[in-house]
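Please examine the sequence and the structure shown below.

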Amino acid sequence: MITMEHVCKSYKIAKRNAGFGEAFKALFHREYEVIHALSDVSFTIHDGEMVGYIGPNGAGKSSTIKILSGILTPDSGTVTVDGRIPYKDRMRHVKEIGVVFGQRSQLWWDVPVIDSFELLRDIYAIPKETYHNNLEELTELLNLKELLRSPVRQLSLGQRMRCEIAASLLHSPKILFLDEPTIGLDAVSKIAVREFIQKQNEVHKTTVILTTHDMQDIEALSKRIILIGKGRILLDGTLEDIKRGDAGIDETVAELYRAYDIE
Amino acid sequence: MFYKLKDAVRLYGHYLSINVRSAMQYKTSFFLTALGQFLVSFNVFLGIYFMFRRFSGIQGFTYSEVLLCFSVVLLEFSLAEMFARGFDLFPSMVRTGSFDQVLVRPRNEILQVLGSKFELTRIGRMLQAVVMFAYGVSHSSVDWNFAKIMTVIFMLIGGCAVFSGLFLIYAALCFFTLEGLEFMNVLTDGAREYGKYPLSVYGKKMLLVTTFLIPYALVQYYPLLYILDKDSRPFLIFVPLLAVWFLVPSYALWRFGVRHYQSSGS
Amino acid sequence: MKKYLSFFRLSFTMGLQYRAAALAGIVTQFAWGFLEILVFQAFYEAEPEMFPMTMSATASYVWMQQAFLALFATWMMENDIFDTIASGNISYSLCRPIRIYHMWFSQSTATRVSRAVLRCFPILIVAAFLPKNYRMAKPASAGHFGLFVITLILGLLVTVAFSMLVYVLTFFTISPQGVRIVFTSMVEFFAGAIIPLPFFPANWQRVLELLPFASMQNVALRIYSGSMTVTEMQKAVALQIVWLVALTAFGNLLCRLAEKKVTIQGG
């Protein structure tokens, strides 16, 4: 079970203005701006749930994921994941989670995919049998058989994403964080990824938290949606709670963003 | 404890092998770059060589003595570089956020950072250091005996620790600023560069700083005096090993940096 | 011309943003300068009669070298440019009505100038007030100073023209990094960055002074410290101009070949 209670997080960043004069001025005096990435965020996610976490860029999605995966310490509030405090007990925590950052790769660019997998086996100290079973199952479900022997640089984006997802599940994590897993994928890969995530959630009861801009992901996958904007939770409910009448989900969400005055 | 260490070494080996396999994808480029690295460092040697074509000595040290000093420091540095220069790419790891990926894995961060990229072309510099070292030792007029050989070995161990500590500090500072790191070059590349001459050349104050603050003198000046028969007190043999303590504050700073990173998320 | 000026402005402004980097650079160059002078002094004390320059001229040489390092250090290259070549983004630039050679030339000149501007003044001011043995001396005369400024600019342009060759050569090689490493280390040595040219044996020096590398930092620094005769100065300036013309002409030619190669083979 994941709980976040009254979590706040803010950053201080240096302002930079355009122009020659401004650049020169900034040599001597720099202004800072405080950004409230999360203000008073609370929610609970139960084991085996699949949750879509949506919101515009800079709304606080990735801060939340970072806090839940133990990379970031919040300013205030309490966070527990299966009884652990992620950022205090990071080493123990990360053994039980899998993370896919959609825009970054955890695979080695120049060597066959299987080599990266074997390195991960050593990193997570996965027992031989578990590794074999997981690899077999993931290969089957994600259709990786042809891919494992090719270097990552030769794979298409969709093929690579399938491998990334497999890589983050080799150690049988109980919780899976997916940060924009379908970004830039073609239609066939998108559907394959979605089907796989669904199956993983149903068969292994893996808790899945998914951030995305693709509302079709949400429609296909998650019963529950958390909408965040300007660091606050705006809505926590089902797809039906959001949908109004016949409007498509994209229009509905855009409407919501406007209503809450966030872009 | 022993099991843990063995496991870490095994993982390090795995990282090394995957790095080698990656580099071998571009064989020609790899060998040419390594060759370039091999040639580069002769610059410093040539500088010494031409200075000594004009002058006969520096503060009582002859050409062959300076050469020995230079080649030992160079090898100390190159050894450290082989193990710990993975930190070189650390600024870009922090900037692009790949350090996040290190943090979501249940392994020591340093091991992962070092493993993520071995600059294998540095083997060229390493080879150059070995060549220089052989040349320096064979050209020295030192009467080698067991104690002196041990002194050199201790110098290599201690020196490797000092430079590794400095690389670690460099990486730790990346958590606080990505811009102002250039001055660290004075402490690493600068020390290699200016460590070619015995530190007493730079004056008493410098000797003091490099004894107590950043212990270069412990792995260069003092043991050198013993090897060159300028000071025969036997405790000088073991002085280089004291420099290993430098790793403690370096590691503490790194831990502090990681904690800072986790709270600022930058 | 105007478009290249705006490239200059853009790169210059970008260079100014790095305040902490500049501060760190100043500290670094101070340390290097000090150590360098200490070494020379140790040699000087032992055998002053073997010294090819006065100690004070040597100190000035070292401080000037540190203050204007960013103008002449060949290892400070534009990583941007290497990246554009490696990633193939060069195709974008080829679509624009600009000459790549001129664009990169103005870009790297600007970066060097902006870095040097930020760093030189603190170093020069402090170096001017150090104790006598370490102090940077005043220029030998107003004429020397004028010529120093001119040769400084010429030296910068020769350095950039040479770096341009390295950028353009990366189009034709499979190992840009290797080319870069070998070139930069060679230049450093022959330009007098490791030890000033007067410290080389006489016959070496005669040859080295004819090479393009001597037209980089060597001329300006030695004119400032007053360790060149009038005829030597005339010859050195003439050589700087010859090399500048030759290097830019050659670079331009190579660059056209490279552009052709990219458009035919698609990078």
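In which order do the three strands of the open sheet in chain A stand? The order is β2-β1-β4, and the pairing is antiparallel. This is a predicted model, in which local features need pLDDT of at least 70, side-chain atom pairs count only at pLDDT 80 or more, and totals for chains, interfaces and linings use all residues. Residues are numbered from 1 along each chain as its sequence is written, while chains are lettered from A and ligands numbered from 1 in the order in which they are written.

**The sheet of chain A**

- Strands (E, at least two residues) and helices (H or I, at least four) are DSSP runs, numbered from the N terminus; two strands pair if DSSP finds at least two bridges between them.
- β2 (32–45) and β4 (76–81) of chain A each have a single partner strand, so one side of each is left without a neighbour in the sheet.
- From one strand to the next, the twist averages 30 degrees.
- Strand β1 (residues 2–14) of chain A pairs with β2(A) over 10 bridges in the antiparallel sense.
- I13(A) has E33(A) in β2(A) as its bridge partner.

**The contact between chains C and B**

- In all, 32 residues of chain C are in contact (C-beta atoms, placed from the backbone, within 7 Å) with 35 residues of chain B.
- The elements of chain C that give two or more residues to the side touching chain B are α2 (19–46) and α9 (176–191).
- α2(C) gives the most to that side, with 15 residues.

How values were computed. Axes fitted to C-alpha atoms, helices over the stretch in contact; angles between N-to-C directions. Contact = placed C-beta atoms within 7 Å.
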